[in-house]
Amino acid sequence: FSMSDIQHAFSPEEIQRLKLQPENVTVPAALILLFPDHFTTQTRARKESRKRKILLHKGALTDGKFDRDKLKIAKVGDRVVPGFILAVQARMEHNYSESANHHKEPPFHLPVVYEDDYFALVNKPEGIVVFGPKGGGYGRMTVKSCLPWVITPPKLGVVSVLRRPTPVHRIDRGTSGLLVVAKTKPAMVELSRMFKERKAKKTYTAIVNGDILEPKVTSISNEEAEKLGVCIGDDDDVESRKRKWQVIDNELEDQNAVTVWRRVKQYTGIENARNNTLSMVELKPKTGRYHQLRRHMAWTGNCPLLGDKTYDGGGPARFLRENGFYLCSNKIVIEHPFYNSPQGRSMWEKVKEVEIKKCNDHKENIRIAEESDGRVLVYAEIDLPSKFNELTDLMGENSSAAAECKDEVA
C-alpha cells in the first residue's frame, strides 16, 4: 500500500495508534484498503474478522492453490505484510437441504405453487403451524422446517441469499392456503414491507354456519371495494364488475379492522347448522388483525366459521367440528419483490418473455404480468381443499338427503 492511500483512509491518530506502515498493516486496515466499497469502516472490518470469515495466507499460492500449512483464520490483531494474501470467505452455492438439522424428509406434503430465484408461494396444509414457538414443541411439524426440502435454491450469481427460505407472514394453524416465502434478504425486506403496508392482496374462501345476511346498508359496489384496496376480480369480466360486496368495518382491540366479503353459495338441509344452512363466502381482508376473519364472521355476521370451536358458540355447532374449520387463503396478488426494484428492472426486460411463457405453459392459475403502470405482479390461485366439496358428509349417518347447493347470482 502507499502511504497516501493509508492517509486517505485513516486519521493521523488511527495511523499512530495502529502503527500503520505501507508494508505493515492490521487485517481490518488491509480489508478497508483492498475492499473500500464493502468494508467502509473499521467497525465493520473488525466484525467480519471476528466472525471468522477472513483467511490469511502467509506467502504466495502454490499452483494457484492455498497451502494449508500457510493458511489461517485471520484475527483482528494479525498484521499483513507484502506477499501475504487475504481472502474473504463467501457461500458459493446454496443447498438448503444440507443446511437442515435433520436427515429425513419432512413428515407432511408442502406443494410449491410458484417460485423463482427471489421468492416462492407454497400451499400450507391445514393443521400445520408456520413457525414453532421459541422453546420448541412442534419439532419438524412446521412450515419453516420443511421449506429447505421443497424450495429450489437460487442459481449462482444471485446475491444476499438467505441461509434458509423464510416465510414473511403467518397463517393460522387451522387455515390452509397460500404462504409467501422469501429466498433473498432484499426480497425479505420488500415482501415484509408489502404486508405491513397492506399491499399484498389476499382472498380467502370460507364456509360459515348459517344463512348469512347481506344488508343493503353495508353493501358496496365493485368500484368502492376496489378503492378500499382489495383485489375484486377480472376487469374484463362484465359479470364480475356488476357484483355487490359487503364491508365490515368494526374495530378489534381498538384497532381499525376492515373486511370486504360476499356470499358465493348456500347449502341447505344441513343437520345441526343454523337454520339448517351453511354459506360459502369470499373474504378479502383490508387489514390483518388477530383472527380478523373468524371474529368478523362470528361477531358481526352472526355466522361463525363452520367447525371453529373458538367462536362458534357451542350448542349444536359442536357436532360440526369434526373436520376443523373451513378457511383457505386461495388467491393472492402481489408485486414482485425484485423485478420492481431499480436493480431488477433491467433483469425483467431480459427475462419477462421467458417468465410469462413459463407460467402460461405450466401453471394454469399462476401468472406473472407487467401492468400498464409498469409494475410486475404475480397472480396466484389454488383449488380449495377437498373437504369444501364434501359437505354432504356433514349431514350425519341418519340423513339420506343430499345437501341442496344454490349458487348465488352475481
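**Ground rules.** I am working with a predicted model, in which local features need pLDDT of at least 70 and side-chain atom pairs count only at pLDDT 80 or more, while totals for chains, interfaces and linings use all residues. Residues are numbered from 1 along each chain as its sequence is written, and side-chain values use heavy atoms, with hydrogens and water left out.

**Entry 1, aromatic rings.** I searched the whole structure and noted eight aromatic pairs, where rings of Phe, Tyr and Trp (its six-membered ring) pair if their centres lie within 6.5 Å, and planes under 30 degrees apart count as stacked, over 60 as edge-to-face and the rest as tilted. I looked up Tyr-118 and Phe-338, whose ring centres are 4.1 Å apart with planes at 15°, so I wrote the pair down as stacked. Tyr-118 belongs to the loop between β6 (112-115) and β7 (119-124), and Phe-338 to the loop between β15 (327-335) and α11 (342-362), which puts the two 220 residues apart; helices (H or I, at least four residues) and strands (E, at least two) are DSSP runs, numbered from the N terminus. Are these two residues buried or exposed? Tyr-118 counts as buried at 8% relative accessibility, and Phe-338 is also buried, at 19%, given that buried means under 20% relative accessible area, exposed over 50% and partly exposed in between (1.4 Å probe, protein chains only). I also noted that ring pairs link Tyr-118, Phe-338, Tyr-339 and Trp-348 into a cluster.

I followed β6 and β7, which run antiparallel and are joined by three bridges, and a hairpin of three residues connects them. Two strands pair if DSSP finds at least two bridges between them. Across the pair, Glu-115 stands opposite Ala-120 in β7.

I recorded 22 salt bridges in the structure, each being a side-chain nitrogen of Lys or Arg within 4 Å of a carboxyl oxygen of Asp or Glu. In one of them, Glu-282 meets Arg-262 at 3.1 Å, N to O. Glu-282 lies in strand β14 (residues 277-285) and Arg-262 in strand β13 (residues 258-268), so this pair ties together parts that are 20 residues apart in sequence. Both Glu-282 and Arg-262 are buried. I then turned to helix α11, where Lys-358 and Glu-355 lie three residues apart, about one turn of the helix, and their side chains meet at 3.4 Å, N to O. Lys-358 is partly exposed at 36% relative accessibility, whereas Glu-355 is buried at 9%.
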